[in-house]
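This briefing concerns the packing of a helix, the pairing of aromatic rings and the setting of a loop residue. The structure is shown first, and the points follow by topic.

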Amino acid sequence: MRKSPDRRKEDGFPQRKNEIWRDGMLRAEKIAGLLYPRRCPFCDCLLSAGEPYLCRKCAGILNFITGPVCMKCGRPLESDTAEYCDNCRRREHRFIQGFAPFTYRGMVQDSITRFKYGNRAEYAGFYATAIWKHGGIHLKEWKPELILPVPIHPDRYRKRGYNQAEEVGRHLSEKLGIPCATNEIYRRKNTRPQKGLTPSMRRKNLSGAFAARDGVSLPERVLLVDDIYTTGATLDALAETAAKAGACRIWFACVSIAPGQSV
């Protein structure tokens, strides 16, 4: 008996099924956009459908770090002949190298303030994209095996509702295709805010702030992630803990870096 032809193949059924799935995803994204409208990370205005991360106005005036930077932390330098910023010249860090796409001032500073304290966790998607695009050469060279966001204390987490560094780390994890550690290292001290402290006070404030959970063994190559780099005291303390847990080569990527003197 002759078999009837498979109409699903002739009609392109598998292709239509994929189209149905994509249409469903697009509808879900549209609904999510209506319920939770996206905002520009810099002016906080609502974004249109053709503006995936930034509004057109802010995209035209946003400045990434360019020109000479510190060979250790990536801070912008004023001189083409300088190799290190004043901070990195004066002290040794526990990380190998790091970078940030933005300087922490002006519209970037205002954006990160809203990100941390104004319930704007949605900004993390753009920040991670900026890190990924700006530091692509570094990330390809370093080949990190794990992203380690700076942990925050549970008391601060309950107050804020999220860890801003972890939000950036999760998005960056998706782009790099490597895991993001969210529980391996924890903050055991609810340290006072670092703002306004001298470098020595910052180091003292962070002494013993982090610890690895029992039995944790980190891979050799680890990328630390945070929102702001100032003196590096926080990342040094976290890098020391990561090294004790097995990490041998440690780098960092931050959203922004505070301006400073170059030498």
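Helix H5 (residues 106–117) has Val108, Ser111, Ile112, Phe115 and Lys116 as its buried residues; buried means under 20% relative accessible area with a 1.4 Å probe, protein chains only. These residues cover an arc of only 125° around the axis, so they are on the same side of H5; the arc is taken from the directions that run from the helix axis to the C-beta atoms. The model is predicted: local features need pLDDT of at least 70 and side-chain atom pairs pLDDT 80 or more, while totals for chains, interfaces and linings use all residues. Residues are numbered from 1 along each chain as its sequence is written, and side-chain values use heavy atoms, with hydrogens and water left out.

**Helix H5**

- Helices (H or I, at least four residues) and strands (E, at least two) are DSSP runs numbered from the N terminus.
- With twelve residues, H5 reaches 17 Å from its first C-alpha to its last, close to the expected 16 Å, a span defined as 1.5 Å times one less than the number of residues.
- The buried residues of H5 pack against strand S2 (102–103), helices H6 (124–134), H8 (154–160) and H9 (164–176), and also S6 and S7; contact means heavy atoms within 4.5 Å.

**Aromatic pairs**

- The structure holds 14 aromatic pairs, in which rings of Phe, Tyr and Trp (its six-membered ring) have centres within 6.5 Å; planes under 30 degrees apart count as stacked, over 60 as edge-to-face and the rest as tilted.
- Trp142 and Trp251 form a stacked pair, at 5.5 Å centre to centre with 10° between the planes.
- This pair links Trp142 in helix H7 (residues 136–142) with Trp251 in strand S7 (residues 249–257), 109 residues apart, and both are buried.
- Tyr229 and Phe252 are also stacked, because their ring centres are 4.9 Å apart and their planes are at 5°.
- Tyr229 lies in strand S6 (residues 221–229) and Phe252 in S7, so their pair ties together parts 23 residues apart in sequence; Tyr229 and Phe252 are buried.
- Ring pairs link Phe42, Tyr53, Phe64, Phe102, Phe115, Tyr123, Phe126, Tyr127 and Tyr162 into a cluster.

**Pro101**

- Pro101 is found in the loop between strand S1 (98–99) and S2, and is buried at a relative accessible area of 0%.
- Not counting residues up to four places away in sequence, Pro101 touches Phe64, Ile65, Ala130, Ile131, His134, Cys254 and Val255.
- The C-alpha atoms of Pro101 and Lys133 are separated by 8.7 Å, with the two residues 32 apart along the chain.

Definitions and conventions: Buried < 20%, exposed > 50% of the residue type's maximum accessible area, 1.4 Å probe, protein only.
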